[in-house]
Amino acid sequence: MTLISKIDEKHIDKNEIKKQAEILKKGNTVIFPTETVYGLGANALDEVAVSKIYEAKGRPSDNPLIVHIYDKEQVNDLAKEINENAKIIMNEFWPGPITIILKKKDIVPMRTSGGLDTVAIRMPSNPIAKALLEEVKLPIAAPSANISGRPSPTRGKHVYEEMNNRVDGIILGGDCTFGLESTVLDLTNDIPTILRPGSITKEDLEQVIGTVNIDPALERKEDNIKAKAPGMKYKHYSPNADVFIVSGNSEKVIDKINELVNNNSKEGLRTVVMCLAKNQDKYKSNTIVLGNNLEEVASNLFNALITADEEKYDIVYTEEFSNDGVGRAIMNRLLKSAGYKIIKI
Ligand code: TXA
Ligand code: MG
């Protein structure tokens with residue numbers, strides 16, 4: 001049985017938080033909202049508890065987990081050394097959607113770090129996540145609350161449908177603001193490196209810590225460059241529908257998609273187009289509007305992919321977005337959900 005708590009982030013019900021915190025303290029699993037995506041949490045320092053996360057998600061066990069904290073002081077318990085860059089990032093962006101990788105202390109089990117000698121740490125800003133972490137007073141390992149390979153849920157309804165009865169507790173706390181997972185920044189080398197792009201961008205980081213690299217494995221499809229964040233190498237964010245990115249000059253993209261939609265419907269395939277609001281009326285098919293700008297697209301993307309499945313589409317065409325700012329994170333997730341299938345015109 002899963003204990004379900006509905007909590008309004010503006011009027012947090014302390015009693016419900018306590019009940020869910022008890023579940024975590026006993027070494028069991030609780031799903032909770034964060035400002036990025038919902039997380040599936042367990043005590044990061046308890047190997048048995050952490051195993052339950054992998055089990056609930058069906059996740060490969062070499063994929064390390066992010067450890068969530070409510071107080072910056074907790075980093076001292078988890079990391080061997082907090083370098084200057086780490087201090088700056090923690091001051092500038094925490095609580096918020098950025099995860100830092102540091103050398104781990106022995107207290108962090110290998111099960112949590114996926115066998116690595118480093119640990120990923122993040123202090124979320126979502127008020128429900130904060131209240132839960134503060135009540136538990138333990139570092140909580142929490143990957144996104146999806147079954148491995150599926151889009152990460154950002155809406156309570158999708159969490160419930162996918163994870164009810166797979167975990168011990170679920171906190172339903174509304175929609176996640178950012179909608180894409182946190183930026184993952186490796187701070188264990190001289191030059192900080194982004195292992196996963198998110199809504200805190202390379203440009204944002206460079207303003208405070210100077211040069212930041214991007215893991216070269218992110219820029220290409222071939223896995224011959226080993227991704228440093230193990231999670232980036234797996235099939236990811238995939239709905240059941242076949243996703244294609246259509247790339248090129250905007251008017252031509254619209255014409256091409258309309259032609260493809262027409263061919264598909266002759267073959268009896270159900271097609272939907274994911275697009276910016278301003279283009280919606282130009283498509284001769286059903287559409288899922290992603291928003292008016294990149295921030296809105298980021299916030300709606302996973303919801304849109306899950307909706308495409310709920311509505312039983314066979315094929316999704318999506319417009320391409322620029323790689324600027326948060327666009328990099330959007331394109332990273334889109335390319336993965338499309339299995340790198342791009343129609344170039
Ligand atoms: O926004 C988020 O980060 C969400 C919410 C719940 O906080 N969590 C999340 O966790 O996305 P997850 O497990 O789905 O993704 C963690 C990513 C993976 O790509 C993983 O490989 C990488 O971080 N990672 C974790 N620990 C690492 C480490 N020690 N070294 C390199 N990469 C690491
Ligand atoms: Mg994930």
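Modeller: Happy to! A salt bridge here is a side-chain nitrogen of Lys or Arg within 4 Å of a carboxyl oxygen of Asp or Glu. Please keep in mind that this is a predicted model.

Colleague: What area do domain 1 and domain 2 bury between them?

Modeller: The contact draws 26 residues from domain 1 and 18 residues from domain 2. Carbon and sulfur atoms carry 53% of the buried area. The area comes to about 1,700 Å².

Colleague: Which residues of domain 1 lose the most area to domain 2?

Modeller: Three residues stand out, together making up 32% of what the domain 1 side buries. They are His158, Leu180 and Pro197.

Colleague: What is the N to O distance between the side chains of Glu310 and Lys157?

Modeller: Three salt bridges are counted between domain 1 and domain 2. Because the cut-off for a salt bridge is 4 Å, the pair of Glu310 and Lys157 qualifies, with an N to O distance of 3.0 Å.

Colleague: Which helix gives the largest share of the domain 1 side that touches domain 2?

Modeller: That side divides into nine nonpolar, nine polar and eight charged residues. The largest share is three residues, and they come from residues 156-163, helix 7.

Conventions
Residues numbered from 1 in each chain as written. Chains lettered and ligands numbered in written order. Predicted model: local features only at pLDDT ≥ 70, side-chain atom pairs only at ≥ 80, totals over all residues. Heavy atoms only, no water. Contact = heavy atoms within 4.5 Å. Buried area = accessible area lost by both parts, 1.4 Å probe. Helix = DSSP H or I, 4+ residues; strand = E, 2+ residues; numbered from the N terminus. Nonpolar A, V, L, I, M, F, W, Y, C, P; charged D, E, K, R; others polar.
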